[in-house]
Amino acid sequence: MTDSTTDLTVADIEQRVGEFLEAKTRMTWEPEVDLFASGAVSSLFAMELVVFVESTFGVAVEGTDLAMDNFRTVRTMSSLVTRLRTGGDGGA
Amino acid sequence: MVLDALSALVTETVADAASEWDVAGEIPIDVLRGLGAKGVLCAEVNPNFGGLGLSGTENGELTARTGALCSSLRSVMTSQGMAAWTIQRFGDKAQRTEYIGRLTSGELAAVAFSEPGAGSDLAAMATEIRRDGEDIVVDGSKTWITVAAYADWIVVFGRYQGGGAVALVPTSAPGVGVTRVADPLGCRAGGHARVVLDNVRLPAENLLAVAGQPLVMLTTIALTYGRLSVAWGCVGILRACLTAVARHAADREQFGKPLLRHQLVARHLAELYAGERTATFACEQASRSWDEGSPEQVPASVLAKHVAAGNAARGAASAMQVLASAGAAGGHVVERAYRDAKLMEIIEGSNEICQLILAEHAAIAAG
């Protein structure tokens with residue numbers, strides 16, 4: 001976690017997630033498009049996304065938060081990050 | 001340095017017993033519990049859960065040093081570490097505290113993926129975990145489960161409500177049957193066993209919180225730890241072979257000169273050295289990604305496993321060729337390496353499964 005992540009808006013989070021997805025898949029992703037339905041991601045990709053979200057936003061995604069639905073779209077990822085950064089813990 | 005102290009502890013504990021354990025097919029349970037209680041078997045666990053808090057890179061090096069001495073003990077380490085990692089990832093706070101704490105207190109855990117009908121194709125697993133009121137019921141059959149013959153706990157992956165789930169099954173529970181695999185090819189003292197789960201009823205607290213997520217996502221996450229650990233274990237096999245070959249080739253004379261002066265033998269040593277170095281580099285890179293929290297850790301772990309297992313199998317075969325009769329007695333370090341390394345090309349994703357994953361990854365990366 002770095003200081004630059006302390007005041008992230010939803011738009012900031014979605015931008016970073018979008019950049020990561022674009023670098024990985026060479027496609028741009030609208031906020032509510034289902035990544036997994038597209039077939040453009042590999043079997044390892046769900047875990048890569050989990051690790052990316054954790055390291056980029058300084059959160060731990062464990063227990064019940066580790067749900068595929070939380071990683072399904074850019075928007076669901078930003079919701080997860082916002083919730084975890086404000087202290088919500090689905091793993092409790 | 002903690003790593004050196006832990007390596008020394010493992011070295012003292014194994015002493016000259018690795019060959020005996022291999023031939024007997026068993027490591028004394030007190031040895032395993034003793035190392036487990038000191039946190040050595042899952043040394044990456046956070047001190048909050050009684051662990052030693054090693055980085056992935058340090059734990060990898062400890063795994064390699066252990067693997068150079070005894071691949072059976074190393075496979076126990078892989079199993080225990082993967083169990084702790086699985087609980088860390090998939091459990092809730094209470095489960096992490098309770099069960100990871102047990103794994104650093106001397107209790108032993110196996111991780112059960114494969115089944116009679118589901119080896120490489122883990123998505124085909126048939127073991128069912130279902131809820132029944134306040135309980136869960138686990139029903140199915142698992143094969144070739146490393147450490148199961150020693151284990152207090154089996155971390156069971158199965159089907160659950162259209163997805164997957166992970167249950168923590170005590171081997172003492174009614175309905176659990178554990179039968180050793182007779183004379184396994186490699187890691188002969190690794191406690192490989194068949195596990196039958198006959199409608200095993202447990203409190204719902206034994207179901208890790210992540211229940212219901214896609215099975216392949218769950219197995220991929222758990223196996224990333226296992227693959228990296230096996231890869232480091234293969235580095236250990238390569239180092240043991242390299243040392244044995246270098247010594248033998250320097251000491252033994254044939255046709256009036258040391259083996260090392262025979263070019264065909266020298267080539268074996270060179271290739272073994274190259275195999276050890278490239279496997280080490282692949283493992284170091286993957287562990288660095290792991291420690292940095294880089295998403296690259298996922299493909300890098302598959303790459304490390306694939307490179308290290310292949311190098312270990314080829315390296316152990318060439319070490320056997322150089323040592324010849326000097327290394328062919330049952331339980332000799334090179335004879336063990338030859339058998340253990342072959343198994344490394346099969347477990348935690350066979351060569352072919354690793355190739356399929358790497359091909360898919362490479363294709364996507366190329367766009």
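What follows is a short briefing, grouped by topic.

Keep in mind that this is a predicted model.

- For some background, nonpolar side chains tend to be buried together in soluble globular proteins.
- What does Cys234(B) touch once its neighbours within four places in sequence are left aside? Its partners are Ala279(B), Ala308(B), Ala309(B), Asn311(B), Ala312(B), Ala341(B) and Met344(B).

**H5(B) against H7(B)**

- Two packed helices are described by the angle between their axes and the distance between the axes.
- Helix H5 of chain B covers residues 71–90, and its axis lies 9 Å from that of H7(B), at an angle of about 155°.
- Angles over 145 degrees count as roughly antiparallel, so that is the label for H5(B) and H7(B).
- The crossing of H5(B) past H7(B) is right-handed.
- On the H5(B) side, the contact is made by Ser71(B), Arg74(B), Thr78(B), Gly81(B), Met82(B), Trp85(B), Thr86(B), Arg89(B) and Phe90(B).
- On the H7(B) side, the residues include Leu218(B), Ile221(B), Tyr225(B), Val230(B) and Ile237(B).
- Sorted by type, the residues of this H5(B)–H7(B) contact come out as 9 nonpolar, 8 polar and 2 charged.

**H4(B) against H7(B)**

- Helix H4 of chain B, residues 56–69, packs on H7(B) too: the two axes come within 7 Å and cross at roughly 45°.
- That angle makes H4(B) oblique to H7(B).
- H4(B) passes H7(B) in a right-handed crossing.
- H4(B) brings Gly60(B), Thr63(B), Ala64(B), Arg65(B), Thr66(B), Gly67(B) and Ala68(B) to the contact, and among the residues that H7(B) brings are Leu228(B), Trp232(B), Val235(B) and Arg239(B).
- The residues of this H4(B)–H7(B) contact split into 7 nonpolar, 7 polar and 2 charged.

- Chain A has 3 helices and 0 strands, running α-α-α from the N terminus on.
- Chain A has 92 residues, and 39% of them count as buried.
- Take the contacts in chain A with a separation of 6 or more: 63% of them are accounted for by residues 24 or more positions apart.
- How many residues of chain A are in contact with chain B? There are 20 of them, and they meet 26 residues of chain B.
- Helix H2 of chain A (residues 45–57) gives the largest share of the side that touches chain B, 7 residues.
- That side of chain A divides into 9 nonpolar, 7 polar and 4 charged residues.

- Val2(B) lies in helix H1 of chain B, residues 2–14.
- Val2(B) counts as exposed because it has 12 C-beta neighbours inside 10 Å.
- Beyond residues up to four places away in sequence, Val2(B) touches Leu52(B) and Leu54(B).
- Val2(B) and Leu54(B) are 52 residues apart in sequence, yet their C-alpha atoms are 8.3 Å apart in space.
- Not counting residues up to four places away in sequence, Ser289(B) touches Ser294(B), Glu296(B), Gln297(B) and Ala300(B).

**Two loop residues with positive phi**

- Val147(B) is not a glycine, but its phi is positive, near 75°.
- You'll find Val147(B) in the loop between strands E3 (135–145) and E4 (153–160) of chain B, where Val147(B) counts as buried with 29 C-beta neighbours inside 10 Å.
- Asp183(B) also has a positive phi, near 45°.
- The loop that holds Asp183(B) runs between strands E6 (176–180) and E7 (193–203) of chain B.
- Asp183(B) counts as exposed, with 7 C-beta neighbours inside 10 Å.

Key: Residues numbered from 1 in each chain as written. Chains lettered and ligands numbered in written order. Predicted model: local features only at pLDDT ≥ 70, side-chain atom pairs only at ≥ 80, totals over all residues. Contact = placed C-beta atoms within 7 Å. Axes fitted to C-alpha atoms, helices over the stretch in contact; angles between N-to-C directions. Helix = DSSP H or I, 4+ residues; strand = E, 2+ residues; numbered from the N terminus. Parallel < 35°, antiparallel > 145°, perpendicular 65-115°, else oblique. Left-handed = near helix turned anticlockwise from the far one by under 90°. Nonpolar A, V, L, I, M, F, W, Y, C, P; charged D, E, K, R; others polar. Buried ≥ 20, exposed ≤ 12 C-beta atoms within 10 Å, placed from the backbone.
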